[in-house]
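Here is a short walk through one protein model, from its overall build down to a few helices and loops. Have a look at it before reading on.

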Amino acid sequence: MEKILVIGKDGMLGSELYERLRNSGKYEVFETTIETLDICNLDAVRNKVNDIMPKYIINCAAYTNVDGCEKNFELANNVNGVAVGNIATCAKEVGATLIHISTDYVFDGKLPTNEVYTENMEVGPVSAYGKTKLLGEENAKKAEKYYILRTAWLYGHNGKNFLKTMVKLSEGRDYVTVVCDQHGSPTTTTSLCEIIEQILEKNPEYGIYHSTNEGFTTWAEFTKMIYEILGIKTEVKFITSEEYKEMFPESSDRPKNSMLSKEKLHKIGIYPKTIKESLEDYLKGGI
Ligand SMILES: NC(=O)c1ccc[n+]([C@@H]2O[C@H](COP(=O)([O-])OP(=O)(O)OC[C@H]3O[C@@H](n4cnc5c(N)ncnc54)[C@H](OP(=O)(O)O)[C@@H]3O)[C@@H](O)[C@H]2O)c1
């Protein structure tokens with residue numbers, strides 16, 4: 001059986017991915033958590049990788065607090081950027097393929113909202129998080145055999161997420177205010193796991209693949225969709241990013257256009273579920 005090492009197994013994505021890969025019975029699956037492997041420690045990464053000799057290394061570890069990255073840039077840059085180079089170097093040493101998870105936030109979001117970003121378009125992050133993740137992309141390429149999967153607006157059962165926050169906020173309130181001018185694709189961890197599983201099966205050409213649910217929405221419209229399905233009567237009031245920033249001055253800037261083309265994924269025969277289908281699937285498992 002092929003060996004897979006899942007790094008970051010306690011995270012929202014990593015925990016689900018690890019369980020799914022194990023339960024598939026197709027692979028021998030190994031894992032590390034922040035307790036068992038600090039990816040910033042090159043020697044520790046090398047020892048772990050040399051012990052296991054995996055065919056694939058899937059990096060789900062990251063510093064994911066977008067606003068926190070502004071204040072803790074050095075730590076975020078080490079985890080999201082420099083440490084990815086550690087993993088990539090060790091992957092190359094043993095001939096493993098690296099699957100690394102990146103983000104829509106590598107783009108500046110200034111593209112008109114009637115256009116979508118393809119994998120080869122110019123990047124230009126507007127946030128500290130985006131900058132650190134971009135360094136991670138550059139470093140992931142050192143593996144030589146690599147897939148960089150840019151996902152977006154990720155939510156899953158095993159972590160804090162936007163959906164849980166909006167449901168909680170609705171309790172006892174007549175209305176909530178939500179940003180209406182950031183466009184993107186909320187993506188479930190389950191859908192991203194399905195994409196990863198298909199990448200493992202198909203072994204397409206190495207490179208970057210935009211990996212989100214199908215379709216586009218805004219945070220405000222997505223909130224309306226959630227409330228509608230759950231029968232929550234709280235009104236969703238639309239606000240602009242600028243109004244949000246006035247309310248939360250310390251919040252990080254976010255791209256207004258985060259819409260990622262899935263054409264490259266389609267060309268290799270991978271068709272992610274739509275935003276609504278995946279949301280409905282998610283809600284079958286509770287909030
Ligand atoms: N969440 C989103 O909306 C979103 C959007 C686009 C892309 N992504 C990307 O998707 C991937 C998965 O995200 P996620 O939401 O599943 O993240 P997550 O829940 O925050 O999980 C990340 C895991 O990495 C661990 N970690 C942090 N520093 C580490 C270190 N130095 N060594 C080893 N492990 C470390 C964290 O431990 P602690 O919890 O103890 O810190 C956590 O268990 C990430 O690459 C993220 O950048 C996420």
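A residue counts as buried if 20 or more other C-beta atoms lie within 10 Å of its own, exposed if 12 or fewer, and partly exposed in between, with C-beta atoms placed from the backbone.

First, some housekeeping. This is a predicted model, so local features need pLDDT of at least 70 and side-chain atom pairs count only at pLDDT 80 or more, while totals for chains, interfaces and linings use all residues. Residues are numbered from 1 along each chain as its sequence is written.

**The overall build**

The secondary structure comes to 11 helices and 12 strands; these are DSSP runs numbered from the N terminus, with helices (H or I) of at least four residues and strands (E) of at least two. The C-alpha trace spans about 55 × 35 × 35 Å along its principal axes. With 287 residues, a compact globule would have a radius of gyration near 19 Å, and the protein agrees, at 19 Å. That radius is taken over C-alpha atoms, and the globule rule is 2.2 Å times the number of residues to the power 0.38. Of the 287 residues, 46% count as buried.

Contacts here mean two residues whose C-beta atoms, placed from the backbone, lie within 7 Å. Among contacts between residues at least 6 apart in sequence, 82% join residues at least 24 apart.

**Helix H2 and its surroundings**

Which residues of helix H2 (residues 42-52) are buried? They are Val45, Lys48 and Val49. Seen down the axis of H2, the buried residues fall within an arc of 95°, so they line one face of the helix; the arc is that of the directions from the helix axis to the C-beta atoms. An α-helix has 3.6 residues a turn, so residues three or four places apart point the same way. On the other side of H2 you'll find Asp43, Asn50 and Asp51, which are exposed.

The cover over the buried residues of H2 includes strand E1 (2-7), strand E2 (27-32), strand E3 (56-59) and helix H4 (73-94). Val94 lies in that helix, H4. Leaving aside neighbours within four places in sequence, Val94 is in contact with Val49, Asn50 and Met53. Val94 and Ile52 are 42 residues apart in sequence and 9.9 Å apart in space, C-alpha to C-alpha.

**Helices that cross**

Axes are lines fitted to C-alpha atoms, for helices over the stretch in contact, and angles run from 0 to 180 degrees between N-to-C directions.

| Pair | Axes come within | Crossing angle |
|---|---|---|
| H2 and H4 | 9 Å | roughly 35° |
| H6 (residues 162-170) and H8 | 10 Å | roughly 65° |
| H8 (residues 219-230) and H11 (residues 275-284) | 11 Å | roughly 45° |

H8 and H11 are therefore oblique to each other; angles under 35 degrees count as roughly parallel, over 145 as roughly antiparallel, 65 to 115 as roughly perpendicular and the rest as oblique. Their contact is made by Met225, Ile226 and Ile229 of H8 and Lys276, Leu279, Glu280 and Leu283 of H11.

What about handedness? A crossing is right-handed if the near helix is turned clockwise from the far one by less than a right angle, and left-handed if anticlockwise. H2 and H4 make a right-handed crossing, with Leu42, Val45, Arg46, Val49 and Asn50 of H2 meeting Asn86, Ile87, Cys90, Ala91 and Val94 of H4. H6 also passes H8 in a right-handed crossing, where Leu163, Met166, Val167 and Ser170 of H6 touch Thr223, Ile226, Tyr227 and Leu230 of H8.

**A few loop residues**

Most residues other than glycine have a negative phi. Met53 has a positive one, near 55°. Met53 follows H2 and is found in the loop between H2 and E3. Buried or exposed, where does Met53 fall? Met53 is exposed, because 11 other C-beta atoms lie within 10 Å.

Glu144 has a positive phi too, about 70°, although it is not a glycine. Glu144 sits in the loop between H5 and strand E5 (146-151) and is exposed, with 12 other C-beta atoms within 10 Å.

Finally, Asn120 is in the loop between strand E4 (97-103) and helix H5 (128-140). Asn120 is exposed, with 9 other C-beta atoms within 10 Å. Asn120 and Ile208 are 88 residues apart in sequence but 8.4 Å apart in space, C-alpha to C-alpha.
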